[in-house]
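Biologist: I have a fold on my screen and would like to learn how to read it. Can we go through it together?

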Amino acid sequence: MSNLSEHDFKYVLQDFSQVYIGARYSYKELVESDDTPGRLQDAIYRVFYKEVSPDMTVFEHLLTLKEDSLCYQAFSQLRIRIKITALKENMDKKGKGKASYATKDISLHEFMEDETIKQDPDQYLIQEISFKKLHLMMMHV
């Protein structure tokens, strides 16, 4: 999964009720994007920049996130969902190994409990985080 191009998973998309953020965005790029909701930009300035470097990506931040941090509290208020793709090794009928990918969408709580992602990040690709616009509007910043 290391052959990603520069702009893979760098996006901010919105639909009627959700916001989707590509995990390869740095917080600086996220703040500078015209598509990022203003309330989220404000939260990044007030909360995230107290704990992380503007050059840190969402992907890197999730791998180092601690449960006692302000950023964890902010992500909890947003009730983020994390989309992860895992490299799986399956055996075919002839006994040969065949690589396949499985994508799952998990909560922040499930992500924090799953130590395998943090221990072997090369086997997992954090693609995006998503959250409801309603939770963003109710967020305390």
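**Reading the fold, step by step**

Modeller: Let's begin with strand 5 (residues 124-132): eight of its nine residues are buried, so strand 5 is largely enclosed by the rest of the structure. Keep in mind that this is a predicted model.

Biologist: Which strands pair with strand 5, and in what sense?

Modeller: Strand 2 (residues 18-22) pairs with strand 5 in the antiparallel sense, over five bridges. Strand 3 (residues 81-91) also runs antiparallel to strand 5, and six bridges join them. To find your way on screen, look for residues that face each other. Valine 19 stands opposite phenylalanine 131 of strand 5, and tyrosine 20 stands opposite serine 130.

Biologist: Is strand 2 buried or exposed?

Modeller: Four of the five residues of strand 2 are buried, so strand 2 is largely enclosed by the rest of the structure. Strand 2 also pairs with strand 1, antiparallel, over three bridges. Those two strands make a hairpin with three residues between them.

Biologist: What do strand 3 and strand 4 form?

Modeller: They form a hairpin too, with five residues between them. Strand 4 covers residues 97-107, and its antiparallel pairing with strand 3 runs over 11 bridges. Isoleucine 82 stands opposite isoleucine 106 in that pairing. In the turn, glycine 95 has a positive phi of about 85 degrees.

Biologist: How should I read a positive phi?

Modeller: Start with the general idea: most residues other than glycine have a negative phi. Now look at arginine 79, which is not a glycine and yet has a positive phi of about 55 degrees. Arginine 79 sits in the loop between helix 4 and strand 3. With a relative accessible area of 53%, arginine 79 counts as exposed, because the cut-off is over 50%.

Biologist: Where is glutamine 77, and what does it touch?

Modeller: Glutamine 77 is in helix 4 (residues 70-78). Leaving out residues up to four places away in sequence, glutamine 77 touches His135, Met139 and His140. Sequence distance and distance in space are two separate things to check. Glutamine 77 and methionine 139 are 62 residues apart in sequence, but their C-alpha atoms are 6.0 Å apart. A polar atom of the glutamine 77 side chain lies 3.1 Å from the backbone nitrogen of histidine 140. Glutamine 77 is partly exposed, with a relative accessible area of 32%.

Biologist: Is lysine 10 buried or exposed?

Modeller: Lysine 10 counts as buried, because its relative accessibility is 19% and the cut-off is under 20%. You'll find lysine 10 in the segment before strand 1 (12-14). Apart from neighbours within four places in sequence, lysine 10 is in contact with Gly22, Arg24, Tyr25 and Glu29. With glutamate 29 there is a polar contact of 3.1 Å between the side chains.

Biologist: And the rings? How many aromatic pairs are there?

Modeller: The count comes to three aromatic pairs. One of them is tyrosine 45 with tyrosine 49, an edge-to-face pair at 5.6 Å centre to centre and 80 degrees between the planes. Tyrosine 49 is partly exposed, at 26% relative accessible area. Tyr27, Phe48 and Phe75 form one aromatic cluster. A ring can also have a charged side chain over its face: arginine 24 lies over phenylalanine 59, at 4.2 Å from the ring centre.

Biologist: Let's zoom out. How many helices and strands does the chain have?

Modeller: There are seven helices and five strands, and along the sequence they follow the pattern β-β-α-α-α-α-β-β-α-α-β-α. The C-alpha trace spans about 55 × 30 × 30 Å along its principal axes. A compact globule of 141 residues would have a radius of gyration near 14 Å, and the chain has 16 Å, which agrees. Of the 141 residues, 40% count as buried. Among contacts between residues at least 6 apart in sequence, 60% join residues at least 24 apart.

How values were computed:
Residues numbered from 1 in each chain as written. Predicted model: local features only at pLDDT ≥ 70, side-chain atom pairs only at ≥ 80, totals over all residues. Heavy atoms only, no water. Buried < 20%, exposed > 50% of the residue type's maximum accessible area, 1.4 Å probe, protein only. Contact = heavy atoms within 4.5 Å. Polar contact = N/O pair within 3.5 Å; in protein donor to acceptor, adjacent residues only side chain to side chain. Phe/Tyr/Trp six-rings, centres within 6.5 Å; stacked < 30°, edge-to-face > 60°. Lys NZ or Arg CZ within 6 Å of the ring centre and 35° of its normal. Pairing = 2+ DSSP bridges. Rg over C-alpha atoms; globule rule 2.2 N^0.38 Å.
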